[in-house]
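Visitor: I would like to learn how to read a two-chain model, one feature at a time. Where do we begin?

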Amino acid sequence: MPMPAETDTTSPKYLRDKYAIVGVGETTYTRGSGITTRALGTWAVRNAIEDAGLKASDIDGMLSYQSGDSTFSTFIAGDLGLRLNFYMDVFGGGSSTEALIGMAIGLMEAGMCKAVVIFRAMNGFSQVRIGGTGARAAAPVSGDALHMRAYGWQSAGQMFSPTFMRHMYDYGTRPEQVATVKAIHSEHASNNPKAFYKKRFTVDEVLASRIICKPLHLLDCCVETDNATAVVVTSADRAKDCRHPRALIRGVVGRCSKPRTDMHYQTGPISTVAGHYAKDILWPNSGVGPEDIDITGSYDAFTFTTMLQLEDYGFCKKGEGGDYVSNGTMRLGGRRPNNTSGGHLCEGYTHGMNMVIENVRQLRHDADDSCPIGPDGKRQHTYDYREGGCRQVKNCEVSANLGWANPGTGSAMVMRRG
Amino acid sequence: MGIQTTYLGMPLQLDDLDVENLAFFKHCSAHNFHLQKCAKCGLLRYPPTTACPWCMSPKSEWVPVDAKGAVHSYTEVHHAIQPAFKAHTPYLILVVDLDTQKGKPTEHEALRVVGNLTTPDGKLAPPDMVRKVGIGTRVRMVFSDAGPGLAIPQWTIDEGTKQPDKPWRYPQE
């Protein structure tokens, strides 16, 4: 992996490559799981521990995130017979995955535990709908929410949209450019047998779908699904004994924010998002820059969230994100594919965890596509990205995940194949 | 005393502990727009906060503010999420730069005050009015009454001033 010559990778300031993601697990992505978030979470955590080749007794830390819509670590640990030395369930949605991975590293570095499993379990379609519809939409509006919900300004799409509208105004970004994000992610999802939506969409189909709130068409918005996802983080040394090639963690930035997190629009430019600040932690901590990255997982709650982040993390010049996401760079076979699983727009909604899982599989060179399994039990990747085919990125060595809570807060992580 | 009322059939609540929001909306109910002015650094702030976002001072006084400005950005909602708004689509949510304190304390900061586009009497704007407004449109504040002690600050087109030739609108109508 190329490394900037001036970077001191041995500096004790950093924990580069000292920890790794060794296990990933998920349930199927459905609408109507028919089971509780406790059952979903238990399956995903069990799958992640088994994927790592670890036993229940190897795991002694657990972290999760939720928004009052899920089970707690105590139940999952009880179900699977894990005795924990640390657990914590935090409040949050998008951007939590990378932030909790950073916290897991801190816990292990402090000697508080040795292997941490992180989960997100949600019936995001059949119970608490992420779009804010259902019971939540009719809840009384109180206190600080009066400055938002009293205006019919509540859902993520409604809250985030002024950011991208201003980007269009400031830089001339066009609807068809961000619609390409959906088209590309749908191509990727068509090569992902577990994706909830496997159908390929064209840019014209995105633009012809009905307007939800400008600038968002229906197909600019992510899917709502029921699912649980989990990852296991442990030290790079312990990771050597695990089942798969290691996904070494080079650097993390967690819930980095713009000023005025109470209403970020007070501080402009409002078309600038948290990545503008997070990049100055991510790249120095990781010892790499955007040019070193082979694949990205830029959070696609909406088509434009992917674009705004790629731009502010420096994958292109400010204002040129529309060109970046529509010029083929982030398509399978392009210079730097994004969300090769189909992401939130197509695979399923997990508040960011599935994008980390996908990049771990890519770094293992083991994307779970439809390629034939060879005599050694491994997939024989064809690198033919036509519909229903391969989705493994060739020679994938370094990845970046860009997590999004809202325009004002984000998290990120760089991993490399170890 | 706290406030419990309804607006567009939607229940609104303010707890009696929430002194900043109670003060803000009390002024609104008299159709006056007041913001907190920091006693230490003198900057206005929006929405109400307990301390000053620039100097941390907890001391402030409520002062009247000239509530005129230009649309900085917006969204136009066609698929309402909240039941109260379903009968009113398409409706506009405007993020408006107040002329007061624009570009202070730093170049890209402004008091960006949220509101729907309404008629001059505070009713959600009809579709033909919605289509006239975009980034750059000059607006002035009006209020939607929502019971004793509470009115919602809103924006309406400022007919008494020069408007931009063509405010920026999302390209697909």
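**Reading strands, contacts and a helix**

Guide: Begin with one pair of residues: Lys37(B) has Glu61(B), in strand 5 of chain B, as its bridge partner. Keep in mind that this is a predicted model.

Visitor: In which sense do strand 3 and strand 5 of chain B pair, and over how many bridges?

Guide: They pair in the antiparallel sense, over five bridges. Strand 3 covers residues 34–38.

Visitor: What is the strand order of that sheet in chain B?

Guide: The order is 4-3-5, in an open sheet of three strands with antiparallel pairing. Strand 4 (44–45) and strand 5 (60–64) of chain B are the edges. Each has a single partner strand, so one side of each lacks a neighbour in the sheet.

Visitor: How many helices and strands does chain B have?

Guide: Chain B has two helices and ten strands. From the N terminus on, the elements run β-β-α-β-β-β-β-β-β-α-β-β.

Visitor: What radius of gyration does chain B have, and what would a compact globule have?

Guide: A compact globule of 173 residues would be near 16 Å; chain B has 17 Å, which agrees. Its C-alpha atoms fill a box of roughly 45 × 40 × 30 Å along the principal axes. Of the 173 residues of chain B, 44% count as buried. Now look at contacts in chain B with a separation of 6 or more: 53% of them join residues 24 or more positions apart.

Visitor: Where does UniProt place a domain in chain B?

Guide: The unreviewed UniProt entry places "domain: ChsH2 C-terminal OB-fold" at residues 62–143 of chain B. Over residues 62–143, chain B is 5% helix and 39% strand. The end C-alpha atoms of that stretch are 18 Å apart.

Visitor: Now the interface. What is the usual way to give its size?

Guide: Often it is the accessible area lost when the parts come together. Here we count residues instead. The contact takes 42 residues from chain B and 40 residues from chain A. On the chain B side, strand 2 (10–14), strand 6 (68–77), strand 7 (91–98) and strand 8 (112–116) each supply at least two residues. Strand 6 of chain B gives the most, with six residues. The chain B side divides into 24 nonpolar, 13 polar and five charged residues.

Visitor: Which strands of chain A and chain B pair with each other?

Guide: Strand 5 (residues 141–142) of chain A pairs with strand 2 of chain B, in the parallel sense, over two bridges. Val141(A) stands opposite Leu12(B) there.

Visitor: How should I read a helix?

Guide: An α-helix has 3.6 residues a turn, so residues three or four places apart point the same way. Then check the length. Helix 3 (residues 96–109) of chain A has 14 residues and should span 20 Å at 1.5 Å a residue. Its end C-alpha atoms are 20 Å apart, which agrees.

Visitor: Is helix 3 of chain A mostly covered or mostly open?

Guide: Mostly covered: eleven of its 14 residues are buried. Among them are Glu98(A), Ile101(A), Leu107(A) and Met108(A). Just after the helix, Gly111(A) takes a positive phi of about 75°.

Visitor: Last, a loop residue. Where does Thr382(A) lie?

Guide: Thr382(A) lies in the loop between helix 12 (353–363) and strand 11 (398–406) of chain A. Thr382(A) is partly exposed, with 14 other C-beta atoms within 10 Å. Leaving aside neighbours within four places in sequence, Thr382(A) contacts Cys371(A), Gly389(A) and Cys390(A). Pro372(A) is ten residues away along the chain, and the two C-alpha atoms are separated by 8.7 Å.

How values were computed:
Residues numbered from 1 in each chain as written. Chains lettered and ligands numbered in written order. Predicted model: local features only at pLDDT ≥ 70, side-chain atom pairs only at ≥ 80, totals over all residues. UniProt positions renumbered as here; feature names shortened; annotations may be inferred. Helix = DSSP H or I, 4+ residues; strand = E, 2+ residues; numbered from the N terminus. Contact = placed C-beta atoms within 7 Å. Nonpolar A, V, L, I, M, F, W, Y, C, P; charged D, E, K, R; others polar. Pairing = 2+ DSSP bridges. Expected span 1.5 Å × (residues − 1). Buried ≥ 20, exposed ≤ 12 C-beta atoms within 10 Å, placed from the backbone. Rg over C-alpha atoms; globule rule 2.2 N^0.38 Å.
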